[in-house]
Every structure is written in structure tokens, then in C-alpha cells.
Amino acid sequence: MLKLSSLIRLFCLAIASLVLTIACSQQLNTNSSNTNSPQSQPLVSATNNWVGLSGHHVAVGKNFFKEQGLKVQDLFFQSSSEEITAFLAGKVDLAWLTSGDAIQMIAKDPSIKIIYLVDYSNGSDGILGRGIKSPQDAKGKTVGRENVLYERVLLQAYLQKAGLTEKDVAIKDLVAADAAAAFAAKKVDIAVSYEPYLGKAAKQGEGEVIFSTKGTNLIADVVVAHDRLIQSRKSDLQAYFRAVDKAVDLLNAGEAEALKISGSKLGITGEEVKEQLLGAKLFDLEGNKSMAFNKNNPNSLIGNLELTAKAAYDFKIVSQPLKAETFYDDSIVQSM
């Protein structure tokens, strides 16, 4: 018969063995979960049907992401509102949106950051007018424009040249295509829209483009991500933007296959993509590193963010003044 001390010793060994088994099991589970760590998961990237976002489309079509050893899940939305909904629901890692869209999201969730400048509208967005020779002539006129921040910023930039505001005109809330159609049908005197609607509506409505984004930074497109993604997937994001940079170089060079890939995504021809890109300035990685987040450059994204944030507050889209320096994180581009 075993002595009491021996029984106690055996009992202790049994407990130690059990603890060790549980610990090993937990370690095994931890190692197993590491195979599903953020770095091993695809980056879910979303765009919408704006030609300036073609860098992503071409990087997908040319397999540039795969060349970087990166898995990317491509989501395409017909509207930015659908894309925003998916991003806020946690279904998207990277969203390509206007800076105005980004600012409105950041106002609700400060963990969202702008991490890359995609493009500036360079004439693709504009204002149609009939019998309008100067901003002062807009007073009392009927204006078709959508109630979205970037269109209101564009209209404000034009009206303020004459010391006017939206209160000095009669607003009709119309999406870009409908605003252009209303102008063509002479149902409004002024319309805020974008290509391919601008040129056609100007002719049909016996008017002209009286103001555009050409040579400005009034409307910008950016890539946004949550701070936790920026911190946990730095190498993946670097690989992602290396691929995008390669695609943008091809688009800026007018490479036929790149234009065709973009056209297939947008439902237009490569030639139409080429024509529409004349109204957008695409930024490569070097532009992001040297200019986009450079406060000393008057054409930097910072100026756009300050202007757009002020407009968001003035228009009561956000409840309190916002600081532009809290909107972005340039650590990814500056580390490349």
C-alpha cells in the first residue's frame, strides 16, 4: 500500500501533467490561429466607378498584387455611398473615396485615416452655365447640384468669387447626371456635374463650362484605412502601394492594355478612359512622398483637407470644427 506522501506526490504530478497538457494545447491553438493572422488574410480593397481610381483596377488586371506576394480581394461599387456603407460595416480594409467622404467618416470615427492621395480632379468636374459671364451673374439663378460635400465645395469656390453663397441662388438637389440633363433641357440655369456629362450638356443646353477643377486641388480622391490596419499590416500596405504605383505609371504613360483593363471595369472603351483621364491628375508614390502630405506645398492634400473640413462645418454636415492634421497618416508612404 502506498504511503500518504506518495499519494500526494502522484496527485501533484497528475495535476502538473494536466496543466502542461492544457498549456501545450493552448500553444498549439495559438500557433494555429497565427496561420489566420492579419498578414495572411487578403486585403479587401474597394473602389467605385470613377476613372481616377483606375490604378487599383490595372494593378488587379495586370497581376501586380500577386507579383508583390499579396492577396487582394477586389470589391467594386456603383456608388460611393454603397462603398462607404461596406467600409463602415467592417467589410472593407481599404476604401478609395473622395476626401469629402473621408472627412465625414473620420468625424464619426477618428480611427479612420487617409493614407494615400489617389488623384485630383483636373477639369473633369465643373459647373455649367447659360448666360453667366461672371460669378455675380449667378445671383438669383436656379442651380442643380447634388447635396454631397465635394459638389458643394466646388459651387462655393465659384460663388465666393462674387461674395455669394448658396443662399443667393435657388438650389435643386440633383445627382450629377440629372443636373446635367436638367441643364440640357433648360430647366436649370446652372448645373454642377462631371464628365462625361459636362461637355454634352453644355452643347445641348446652349451653355458652357463656366468653372472647373482644372489646375486646382478642390476635389481629391484618397485611400482610407482604420488605424489598426495601418499598425498591423505595414508590409502588406507597402506591397499594395508598390503595385498601385506600377499601375499608375502605365496609366500616365497611356499604355493601351492598362487603359483597356480600366475600361473593362468601368464599362467603357480604353480610348474613353484615356480621354477621361485628361481631366484627372493621378499621383504616383513619389508624388505622395514629396507633395501630398507636405504642408509647405500649396497644392498639397493638406490644403484640400483644410478647405473641405471648413466647408463641412459651415454647411453643418459635421457638428464641430475639425483639424486637418488629424485626418491622415503618411507613415506608410514615407516608409517606402
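How many aromatic pairs does the structure hold? In this predicted model, there are seven aromatic pairs.

One of them joins Tyr-120 and Phe-283, in an edge-to-face arrangement with 5.0 Å from centre to centre and 80° between the planes. Tyr-120 belongs to strand E4 (residues 112-121), while Phe-283 sits in the loop between strand E11 (280-282) and helix H13 (285-292), so this pair ties together parts that are 163 residues apart in sequence. Tyr-120 counts as buried because its relative accessibility is 4%, under the 20% cut-off. Phe-283 is buried too, at 5%.

Another pair is made by Tyr-158 and Phe-211. With ring centres 5.6 Å apart and planes at 40°, this pair is tilted. Tyr-158 comes from helix H6 (residues 149-159) and Phe-211 from strand E9 (residues 208-212), so the contact links parts 53 residues apart in sequence. Tyr-158 is buried, with a relative accessible area of 4%, and Phe-211 is buried as well, at 16%.

Which residues form one aromatic cluster? They are Phe-65, Tyr-116, Tyr-240 and Phe-241.

| Charged residue | Ring | Distance from the ring centre |
|---|---|---|
| Arg-152 | Phe-315 | 4.0 Å |
| Lys-281 | Phe-283 | 5.2 Å |

Notes: Residues numbered from 1 in each chain as written. Predicted model: local features only at pLDDT ≥ 70, side-chain atom pairs only at ≥ 80, totals over all residues. Heavy atoms only, no water. Phe/Tyr/Trp six-rings, centres within 6.5 Å; stacked < 30°, edge-to-face > 60°. Helix = DSSP H or I, 4+ residues; strand = E, 2+ residues; numbered from the N terminus. Buried < 20%, exposed > 50% of the residue type's maximum accessible area, 1.4 Å probe, protein only. Lys NZ or Arg CZ within 6 Å of the ring centre and 35° of its normal.
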